[in-house]
Amino acid sequence: MDIPLLVVVVDLFPSPANSVAAKGKLDSGTVERILNQLLVFINAHLALRFDGRVAVVAAIAGRGSHLLLDSADLSNASTDIKNTGGMYKQFKVVDDVLVQKLQQLLDFDRDSEENYNKQSCLAGALSLSLSFINRVKRQHTDPASTIQARILTLSVSPDSPSEYIPIMNCIFAAKKDNVIIDVCRLLGNDSVFLSQTASSTDGIFVKVSDVDNLITVLLHSFLPEPSIRKTLCLPGGTLTNYSASCFCHKQPCSIAYVCSVCLSIFCSRRDSCSTCGSSLTQQ
Amino acid sequence: MIDEDEAQTGSNTGQGGMYHWEAAYQRSWDALEEDDSGSLAAHVAALAREKLARRRHVLALSNSAVPVHRGLIRHQFLVLDMSEAIASPADYLLPTRLECVLHNAQVYVDHFLTVNPLGCIGLIATRDGGAEKYTELTGNTAEHIAAIQNKSNREPRGEPSLQNALEIARRSLLHVPSHGSREILVLYSALTTCDPGNISETIQSLKADNIRVSIIGLSAEMRICKHICKETKGIYNVIMNEQHLKEVLASHVAPPAVESEKTASLAMIEMGFPSSTSFASPTICANHGKPTQIGYECPRCKTTICSLPTDCPICSLTLVSSVLLARSYHHLFPVPPFVEIPVSHRTSHFSLSLAAQIQLIVVHVKWHSLLHQQGSGRYQCPNCMHLFCLECDIYCHELLHNCVGCLGGSNH
């Protein structure tokens, strides 16, 4: 019997409070709407199976990635358990912990402007999730069941070229561990890296342009476990852009020159490789 | 798991100044200890942890923080000794020498082609005083594994011939482009070789053609093998047991460092990274002549191709997926080895709260029942000062190749 472990990576790019939301950034109202729908989704996952497990990793641009919640380790949750208001206890605890932790994270030096101009830390969050999954698998000693882990990335921030190699490393580690990485792109903007991530790990890549429709997509496309997915007709294009980004200008390119020593990619011919320092002859 | 542990205990004895055959017979079951409830779980867990710590040690030795030049486009012939010597009994290679060697060769081929996505490997076997080529140089894992599993290829016969095998490999390697490396790896069981001519001439021509020969001896050391490896700048190893064989093979998987004198033959290769496209009506694939609706388009001449990696049949541009290329980037930007923090070192300057630190220590005391024997179980990245446990340390270096802390992660 497989124990489903779902790691949700919430990649948010909040804009400063009381300012107009810039392109690709979220105002606090949108964050709240996303969070509400995410909580419903997490509760739905927990409701499917009594032994289902959820963890949430937040990747907030400029503030690093943090493990916010692990549904198997809620011992130090400071929730008023008696006053659940008719809600199922486990849902209540999970919701409260998540909201509380995320609130702390978002409120943390909300006023300092420079934090908002930093790049996303999605690669760090994916690495953290994979290390977490690895640890859960190692600690799982019951031979009768195995952990079936997958990652769902709710992503907003644009690709940052410096993350190309770390994200690729995550893809190979995920493939080796049989971890599926699903990607749900909010606000409908494209991401070359994440579409490659999803297609290479057998996950699905869905763009959601209207935030209010998020819950529909989450429940219909991302809730089914990988074993059931074969029988479903899920969205997600088969088209993936496999273009690489060159090391010199970080620009995507479809024809490039590759150093034969280290396989660094350059968009134009050059005499020496800037990564490994070898002097190269023209072929 | 118990078997592997036994093998490892064996290797310890071998390294500890005493030869494998001089050691007393080991009763590995005596080492097992039951806990109060009669369960072996605690002891098995401790053994597993010890194994992890040893793996970390090996990793730390092989990983260096400084990236070196490595030739990532590799062409290698794997020579298998299929003479009668491989059928001879060996108590250090189980179940039989033949099974053990062929199984490990299979694992090696798979591992090699995963780590070197643009590399090619070919198989040559030597038996009956000659040598035959099982597979040509190719990057297709399935082809090699099929050849190894083919029954007629698994039958040991006659004498081995080192010279014949090296000559066949040399002649095949002459055609590979100069920007790729030329290597031969020999798994040699016999203590003899049956050569038609003077092997010194072969060594000279191997040297002249810039071919690196490494040999893994599966029985005792041979002078001629050592001489060949020394002359061609290869590595000669003689294995002690299966675990050692695995370690030695694994050390051949990572691309070798490039010597500076060789840099003259390096080149910049033009490559295309096609995007997948879907066609409204089925289009003929230029490689196989089959109709396809989803395919790739050569970015230079717009030819339709059905699979990657390949060379464009029209304009001969090398077409690869960038994902494939990225598989070897961790060699360029390795994670620095983490530093072990001693148990006594409790005051710290990194960004952990005291409560979190105490929690961390308590957790590790719980996990590492043999804490004082095996180190503290706390490891620190020298760049970002984040702390890691043993599991995560090994995972970061062996599989993930990312440091969670350096990428802006928090402690967990």
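**A friendly tour of a predicted two-chain model**

Buried residues account for 57% of the 283 residues in chain A. This is a predicted model, so let's start with how far its scores go and then walk through the structure.

Q: What ipTM and pTM does the model score?
A: Two overall scores come with this predicted model. They are ipTM 0.82 and pTM 0.73.

Q: Over which residues of chain B is the pLDDT below 50, with 22 contacts beyond near neighbours in sequence?
A: Chain B has an average pLDDT of 78, and 76% of its residues score at least 70. Where pLDDT is low, the predicted coordinates should not be read in detail. The stretch with 22 such contacts is residues 1-16 of chain B.

Q: How many helices and strands are there in chain A?
A: In chain A, 63% of the contacts between residues at least 6 apart in sequence join residues at least 24 apart. As for its elements, chain A holds seven helices and ten strands.

Q: Is strand 1 of chain A largely enclosed or left open by the rest of the structure?
A: Strand 1 covers residues 2-12 of chain A, and ten of its eleven residues are buried. Buried here means under 20% relative accessible area. With that count, strand 1 of chain A is largely enclosed.

Q: Which residue of strand 4 of chain A stands opposite Asp11(A)?
A: Strand 1 of chain A has parallel partners. Eight bridges link strand 1 to strand 2 (residues 53-60) of chain A, and there Asp11(A) faces Ala59(A). Ten bridges link strand 1 to strand 4 (residues 146-155) of chain A, again in parallel. In strand 4, the residue opposite Asp11(A) is Ser155(A).

Q: Which residues of chain B does Leu130(A) touch?
A: Leaving aside residues up to four places away in sequence, Leu130(A) touches Ile151(A), Cys170(A), Ala173(A), Ala174(A) and Val179(A) within chain A. Its contacts also reach chain B, where the residues touched are Tyr395(B) and Leu400(B).

Q: Where in chain A is Asn178(A), a residue with positive phi?
A: Most residues other than glycine have a negative phi. Asn178(A) is not a glycine, yet its phi is about 60°. At 59% relative accessibility Asn178(A) counts as exposed. Its place is the loop between helix 4 (164-176) and strand 5 (180-186) of chain A.

Q: Does Met385(B) count as buried, partly exposed or exposed?
A: Met385(B) also has a positive phi, near 65°, without being a glycine. It sits in the loop between strand 14 and strand 15 of chain B. At 34% relative accessibility, Met385(B) counts as partly exposed.

Q: What is the bridge partner of Thr283(B) in strand 9 of chain B?
A: Another open antiparallel sheet of chain B has the order 8-9-10. Strand 8 (276-284) and strand 10 (304-305) each have a single partner strand, so one side of each lacks a neighbour in the sheet. Five bridges join strand 8 to strand 9 (residues 291-297). In strand 9, the bridge partner of Thr283(B) is Thr292(B).

Q: How far apart are the end C-alpha atoms of residues 75-253 of chain B?
A: UniProt, in an unreviewed entry, lists these residues as "domain: VWFA". Over this range the chain is 40% helix and 23% strand, and the end C-alpha atoms are apart by 12 Å.

Key:
Residues numbered from 1 in each chain as written. Chains lettered and ligands numbered in written order. Predicted model: local features only at pLDDT ≥ 70, side-chain atom pairs only at ≥ 80, totals over all residues. Heavy atoms only, no water. Contact = heavy atoms within 4.5 Å. UniProt positions renumbered as here; feature names shortened; annotations may be inferred. Helix = DSSP H or I, 4+ residues; strand = E, 2+ residues; numbered from the N terminus. pLDDT = per-residue confidence, 0-100. Pairing = 2+ DSSP bridges. Buried < 20%, exposed > 50% of the residue type's maximum accessible area, 1.4 Å probe, protein only.
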